[in-house]
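Subject: The structure you asked about

Hi,

Here is the structure, ready for you to open next to your notes. Please have a look at it first, and then read on for what turned up.

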Amino acid sequence: MISRNGTISDFCLKLNDLSLLVLSLGIVIVFRYSPSSSPTFVVDYLSQRVKVTNAMLGLVLLLSWYAAFAAQGLYTSHRLGSRTKELIEVARAVAICSVALLVAAAIGNWPTIGLRTIGSFGLVAFVIVSGVRIALRYNLRWLRQRGVNVKSLLIVGGGSRGRAFAAHINRRHDLGYKILGYVDNDPGYANGARYLGTIEELPQLMSTEVIDEVAVALPIKSHYEQIERAVGLLEEQGITAHVLSDMFPQKLARAHSVDFDGMPIVTLGSVPPFSWRTEAKRLIDLFVAVVMLIVSAPVLLAAAIAIKLDSRGPIFFVQERVGFNKRRFRMIKFRTMAIDAEARMKDLEHLNEKQGTPIFKIKNDPRITRVGRWLRKTSIDELPQLINVFVGDMSVVGPRPLSVRDATRMEEAWQKRRFSVKPGLTCLWQVSGRSNLSFEQWMQLDLDYIDQWSLKLDASILLRTIPAIVLARGAS
């Protein structure tokens, strides 16, 4: 973490991780098996005769623990990596170590290592190892700010991209980089920085200067061959190269490198990426859907009876809607209109209050039944969509699903980004005025939700939905 593999600091880090794992196991055993009346438990435990087979098995276990940490990349430089990424790597490594301990205990027939011990070991080890590594990370950053463990960085390309990168490095002294200067065929880019020569002079420069890493900040389109030669030269000499991947002027998409079945590619994404947060959102959807269906069962039954007594036709209204990535699904609602509502839509187009937009909306729609008007006012007509949430077509929070008619009439390309996430029961539009908002405001709120999405935002929208429904703000 502080230097290359094979150095004393790297060896100390590996030894530290193994020592903390052994310490974690010792803590768990002491707390689980130490009798309160025996203060010498640890001494007695350690003084027991160790069999040769168990000693060999223990050595193999330590080696497997080391391999687990190494396989997760915990002994490569985390200078530029995020703290979250390192903690995820630690969690994976500790999980593998716990499985290895379970296997070793089964082979060696170790009586003190059971499933509860394994679980406790995993938890304690993660907390201790993570705590030490976070402390080490902050200590290293503190040292780098004071000029310790600093790497020399050369920038290839002095244009706007190179200057922006240099400015970022100069702001973040804790990253531990010293900019040697830059090479570029146009010395006019100097702007106060140290100019070291042209790109063609890079091989000579590398033979005379101490260069730890190189950042290639040349425009891809006009300098592809020069970039290719530079990267090949750096690869040949074993110097780490960073090729700035902001190849396109994207405003929302975030770039990250991906191994696409053995092919290195740069992926651009402007929607929430798959992570534990998206998995947690799905689990929350399932929990809310099941609980709400059970709790609202009497209301659902009463609404079904009222619909049947009020007018002819089915209890539910099932319509094809456009969902995630424009996939169509059948959305379920309580029927709030007369059975010929769809056929009468063309005759009522001239009454549409949302003229000039894809949406069809009439405040006092003559097709709505007496019970239907009350169901809409209270939003009870939306409750059957919990079934759509349960099966995965929808989420509890997300942009409202549009009908096929409305979706196909959307002309603005930027508005269609709302289809990049699952539609939901409630959204920012629902708690910000509902049908009182214009179509453009509605679409913008949907995109704001996508750009700012977090579990905290979902919780906030859910809490704000309750008073919006009770007060029937903007309902029609």
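How near do the axes of helix 10 (residues 297–310) and helix 12 (residues 370–378) come, and at what angle do they cross? They come within 8 Å and cross at roughly 150°; the axes are lines fitted to C-alpha atoms over the stretch in contact, with angles from 0 to 180 degrees between N-to-C directions. Helix 10 and helix 12 are therefore roughly antiparallel, a label for angles over 145 degrees. From helix 10, Ala303, Ala306, Ile307 and Asp310 make the contact, and from helix 12, Arg370, Val371 and Leu375 (contact means heavy atoms within 4.5 Å). These residues divide into 5 nonpolar, no polar and 2 charged; Ala, Val, Leu, Ile, Met, Phe, Trp, Tyr, Cys and Pro count as nonpolar, Asp, Glu, Lys and Arg as charged, and the others, Gly among them, as polar.

A word on the source: this is a predicted model, where local features need pLDDT of at least 70 and side-chain atom pairs count only at pLDDT 80 or more, while totals for chains, interfaces and linings use all residues. Residues are numbered from 1 along each chain as its sequence is written, and side-chain values use heavy atoms, leaving out hydrogens and water.

The protein chain has 16 helices and 12 strands; these are DSSP runs, H or I of at least four residues for helices and E of at least two for strands, numbered from the N terminus. Of its 476 residues, 41% are buried, meaning under 20% relative accessible area with a 1.4 Å probe and protein chains only, whereas exposed is over 50% and partly exposed is in between.

Helix 5 (residues 115–145) is worth a look. At 1.5 Å a residue, its 31 residues should span 45 Å, and its end C-alpha atoms are 45 Å apart, which agrees; the expected span is 1.5 Å times one less than the number of residues. Its buried residues include Phe121, Val129, Arg133, Arg137 and Arg144. Just after helix 5, Gly147 takes a positive phi of about 90°.

Most residues other than glycine have a negative phi. Asn109, in the loop between helix 4 (83–108) and helix 5, has a positive phi of about 55° and is exposed, at 64% relative accessible area. Asn325 also has a positive phi of about 55°; Asn325 sits in the loop between strand 8 (316–322) and strand 9 (328–334) and is partly exposed, at 45%.

Best wishes

Terms used. Parallel < 35°, antiparallel > 145°, perpendicular 65-115°, else oblique.
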